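Colleague: Could you take me through the surroundings of the ligand in this model? I would like a close look at that one part, with the cut-offs spelled out.

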Amino acid sequence: MASKVDSSVSDLFSSAPSLQSNLGILSPDQIELAKILLENGQRHLFMHWSEPGVFDNEKLGFFDQIARLNSSYPGGLAAYIKTAKELLADSKLGKNPYDGFSPSVPSGENLTFGDDNFIEMEKRGVVEARKAAFVLVAGGLGERLGYNGIKVALPRETTTGTCFLQHYIESILALQEASLKVASDGSQTDIPFIIMTSDDTHSRTQDLLELNSYFGMKPTQVHLLKQEKVACLDDNDARLALDSNNKYKIQTKPHGHGDVHSLLYSSGLLDKWLDAGLKWVLFFQDTNGLLFNAIPASLGVSATKQYHVNSLAVPRKAKEAIGGITKLTHADGRSMVINVEYNQLDPLLRASGFPDGDVNCETGYSPFPGNINQLILELGPYKEELQKTGGAIKEFVNPKYKDSTKTSFKSSTRLECMMQDYPKTLPPTARVGFTVMDIWLAYAPVKNNPEDAAKVPKGNPYHSATSGEMAIYRANSRILQKAGVKVEEPVKQVLNGQEVEVWSRITWKPKWGMIFSDIKTKVSGNCDISQRSTMAIRGRNVFIENLSLDGALIVDSIDDAEVWKDYFISLVIVSCEQTYVSCEKTGETWRLNQEQWLDHGNRRLQRHIGSRGNKNQRF
Ligand SMILES: O=c1ccn([C@@H]2O[C@H](COP(=O)(O)OP(=O)(O)O[C@H]3OC[C@@H](O)[C@H](O)[C@H]3O)[C@@H](O)[C@H]2O)c(=O)[nH]1
Ligand SMILES: [Mg+2]
């Protein structure tokens with residue numbers, strides 16, 4: 001018997017001579033791992049191995065990595081490779097993972113910005129916000145964007161240069177403060193903020209936070225959870241991909257945002273939150289600069305409708321790279337409302353009686369609402385569900401093939417799982433809903449590089465840095481329009497090869513106005529803003545009254561009543577006819593015309609740029 005095993009093992013190793021000649025440097029555990037690799041079709045990993053004595057440390061390093069990959073995946077590498085082969089074969093055949101289910105258009109909650117219902121929902125959301133925890137999934141590489149840094153460090157807009165992470169933190173803090181104001185017991189709560197990172201993003205995310213004093217959040221409020229990566233695959237046989245710079249290293253990539261559930265579960269945070277009386281967990285992605293426009297109202301919807309799961313959605317253009325929210329009904333009667341990812345929607349439709357696949361209907365949009373992957377889960381039922389599943393989420397593979405033969409990939413792929421697949425295991429009694437909002441208000445992700453964005457079919461969103469920034473100005477302009485400000489209509493311009501609407505460059509800090517009813521109280525009189533204007537409001541109690549802006553206005557007010565009796569306001573006004581900014585606390589009003597700007601504003605601008613944080617200076 002023993003000799004039979006030995007001979008089959010030696011057959012196995014003789015299939016990989018350059019490994020076989022190195023067996024002497026390996027430990028018994030490492031030899032076991034080598035066996036697993038060979039048994040699972042990974043002989044190619046050793047083709048480049050040099051003779052014993054050369055690069056031995058690298059060889060041992062290789063097995064350290066293999067041991068980690070093997071132990072961090074349930075069932076080890078053998079299970080990973082097996083699942084990968086199955087999923088790759090299905091993908092090559094174009095097999096429908098939703099076999100037996102027929103898709104139909106679900107009905108959900110529709111919100112219209114600024115109407116009574118919207119305003120009510122926002123107010124309700126603010127009440128609930130102090131019982132919420134926010135979870136940002138930010139472990140992704142941003143491959144399509146072609147940017148090497150972390151995406152949350154990118155500016156959300158270039159008028160103020162505020163990065164996404166700062167904007168998210170300031171939005172959460174603004175919600176925290178607004179929620180405290182309306183809280184019945186008046187007790188201070190710190191909204192927890194969790195960031196899921198990966199090896200690609202972890203240290204840079206931590207550095208960004210530390211270098212900026214957590215953008216004003218208490219460090220104890222912020223928690224980083226790092227996801228582990230999985231091995232990349234080179235071909236349909238699930239051969240593991242070697243690093244092109246180091247033949248003793250396997251390429252790895254993140255396993256997908258679905259890891260967030262198992263990480264939250266194992267972190268023990270859910271129990272802590274339940275004990276602290278929290279009720280909601282809000283998940284969101286790295287670069288949607290409009291997201292917080294949608295959060296208060298959708299949280300209000302969750303609370304009013306008592307949804308266990310509420311996904312945020314926007315009207316979707318056919319073939320747009322966002323998932324479609326779909327009702328799936330199985331032949332056996334089961335049904336669920338779930339995201340069907342963008343690469344799967346077309347084949348699913350074609351296979352189930354919609355021969356044209358993913359196309360727009362008479363509205364000019366796909367009949368399936370587009371998932372923006374902002375999920376609001378009710379904490380109690382979420383925790384119960386994770387206790388059953390341990391947070392495991394069903395995997396998939398999404399190779400980018402070189403051509404229609406589907407025999408080779410443009411770059412290596414890997415298994416992934418998605419956080420929005422969470423409802424798949426829920427019982428039929430679970431209340432799963434979704435909330436649709438206007439795109440201009442809620443969704444402008446930064447995912448595509450300019451070259452690829454310019455190739456997006458006409459009429460579909462670019463999802464680029466250019467369109468993302470322009471969307472901020474458009475949303476803010478439209479919100480102010482709704483609040484009664486005459487904001488001039490945009491002009492069309494081609495920027496980075498993309499035709500975009502350029503509105504007045506209007507930005508404000510979240511603490512200035514989180515919800516529409518707040519914003520309305522900050523704006524009064526007859527205000528108008530020309531298209532070529534820039535306005536940045538960087539303070540809380542800034543009231544805009546009879547403002548006529550045709551130039552640039554930057555209001556910087558630091559409101560720390562204990563230290564600074566008055567609000568500190570600096571104005572930079574470029575070619576404004578007449579500008580009024582009144583300040584509630586001091587009652588002072590500055591009126592400046594063009595000549596005064598030339599005299600004061602210019603110097604102030606120099607100081608502003610030259611010495612940020614010098615709070616003592618005033619006009
Ligand atoms: O392993 C990962 C991968 C991704 N992520 C994060 O997950 C978020 C989404 O990643 P991507 O931007 O690549 O997502 P995609 O564009 O492919 O699709 C996603 O957003 C649009 C939705 O309609 C899709 O349904 C959703 O899957 C990012 O914040 C990213 O940082 C991780 O945290 N870990
Ligand atoms: Mg992606």
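Modeller: Happy to; here is the ligand site, followed by the protein around it. This is a predicted model, in which local features need pLDDT of at least 70, side-chain atom pairs count only at pLDDT 80 or more, and totals for chains, interfaces and linings use all residues. Residues are numbered from 1 along each chain as its sequence is written, chains are lettered from A and ligands numbered from 1 in the order in which they are written, and side-chain values use heavy atoms, with hydrogens and water left out.

Around ligand 1 there are 24 residues, and V137, Q227, Y342, N371 and K447 come nearest (near means that a heavy atom of the residue lies within 4 Å). This shell divides into eight nonpolar, twelve polar and four charged residues; Ala, Val, Leu, Ile, Met, Phe, Trp, Tyr, Cys and Pro count as nonpolar, Asp, Glu, Lys and Arg as charged, and the others, Gly among them, as polar.

Taken alone, ligand 1 exposes 670 Å², and the protein buries 90% of that (accessible areas by the Shrake-Rupley method with a 1.4 Å probe).

As for the protein itself, 18 helices and 30 strands are present (DSSP runs: H or I of at least four residues for helices, E of at least two for strands). The protein exposes about 27,200 Å², with carbon and sulfur atoms supplying 49% of it.
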